Amino acid sequence: VLIAAIMSVSAAPAQSAAHPEEFHSEGPAVKAAINGPRGLALYESRFLYVAEAFRNVIRRVDLVTGTIATLAVNSKLDDLGGIAVDPSGDLIITEFTAKRVRKIHPTDGTVSLLADGLSCPDFVTTDGGGNIYIADLGCILRLEAKTGSMMTVVAGDRASTGQHGPAIVGGYFSSVAVDHEGNLFVSEYGNRGEGHRVFRVD
């Protein structure tokens, strides 16, 4: 089932010369154009959030009405990567070149900083307690919801954060997921010729 059309699969100008309105189209999602969709996050089985990397905007698809809209925010977004939704409905985004993780309140578009100075934050997820897990190149970080403290929960042999935690000798960690029981799953690539793998972290 087509949800939204991909306007381009490579870097492209902010607007189409023939149809400049397409990149800013709102309304029916199947008629809208998105440019460089990367991160996806689903909230309450109704709203699908898309991190649009080439224009650095967040699109919201209403899966009930089939409409799409661009989320208005009060800060410029930079090199979008992963996106997640916490239990309260706030969005968690990673930004590659800015090396940071930020929170967006979708109701008013307020953007706030959660963590910066990371290596290369990519995909992100949250658990039922609101804790945030970040795939940051050579390690998986956990940002505690209650304290705001950061810790390494999985460290590969290329981890460069200087933090310590349970180690898995491996390559780069590209993605992370948490199930309803709190089990952590991590994908890894570039593991010194041993192949690409997926781990469950106990």
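Colleague: Is D122 buried or exposed?

Modeller: Buried: the cut-off is under 20% relative accessible area, and D122 has 12% relative accessibility, so D122 counts as buried. Keep in mind that this is a predicted model.

Colleague: Where is D122 found?

Modeller: In strand β12, which covers residues 121–126.

Colleague: And what does D122 touch?

Modeller: Leaving out residues up to four places away in sequence, D122 touches R38, G82, T94, F96, A135 and S174.

Colleague: Switching to the nonpolar core. How many residues has the largest one?

Modeller: The largest nonpolar core has 14 residues. Those with the most contacts inside it are Y49, I58, I83, L91, I93 and I104. Two or more residues each come from β4 (37–43), β5 (47–52), β8 (80–85) and β9 (91–95).

Colleague: Which element gives the most?

Modeller: β8, with three residues.

Colleague: What does I93 touch?

Modeller: With residues up to four places away in sequence not counted, I93 touches I58, L77, L80, G82, I83, R100, V101, R102 and I104.

Colleague: How many aromatic pairs?

Modeller: Zero in this structure. There is a charge over a ring, though: R60 lies over the face of F47, at 5.6 Å from the ring centre.

Colleague: Now the whole chain. How many helices and strands?

Modeller: Zero helices and 18 strands. The chain has 202 residues, and 45% of them count as buried.

Colleague: What about the surface?

Modeller: The chain exposes about 10,200 Å², with carbon and sulfur atoms supplying 54% of it.

How values were computed
Residues numbered from 1 in each chain as written. Predicted model: local features only at pLDDT ≥ 70, side-chain atom pairs only at ≥ 80, totals over all residues. Heavy atoms only, no water. Core = buried A, V, L, I, M, F, W, Y, C linked by side-chain atoms within 4.5 Å. Buried < 20%, exposed > 50% of the residue type's maximum accessible area, 1.4 Å probe, protein only. Helix = DSSP H or I, 4+ residues; strand = E, 2+ residues; numbered from the N terminus. Contact = heavy atoms within 4.5 Å. Phe/Tyr/Trp six-rings, centres within 6.5 Å; stacked < 30°, edge-to-face > 60°. Lys NZ or Arg CZ within 6 Å of the ring centre and 35° of its normal. Areas by Shrake-Rupley, 256 points an atom, 1.4 Å probe, with all protein chains shown as cover.
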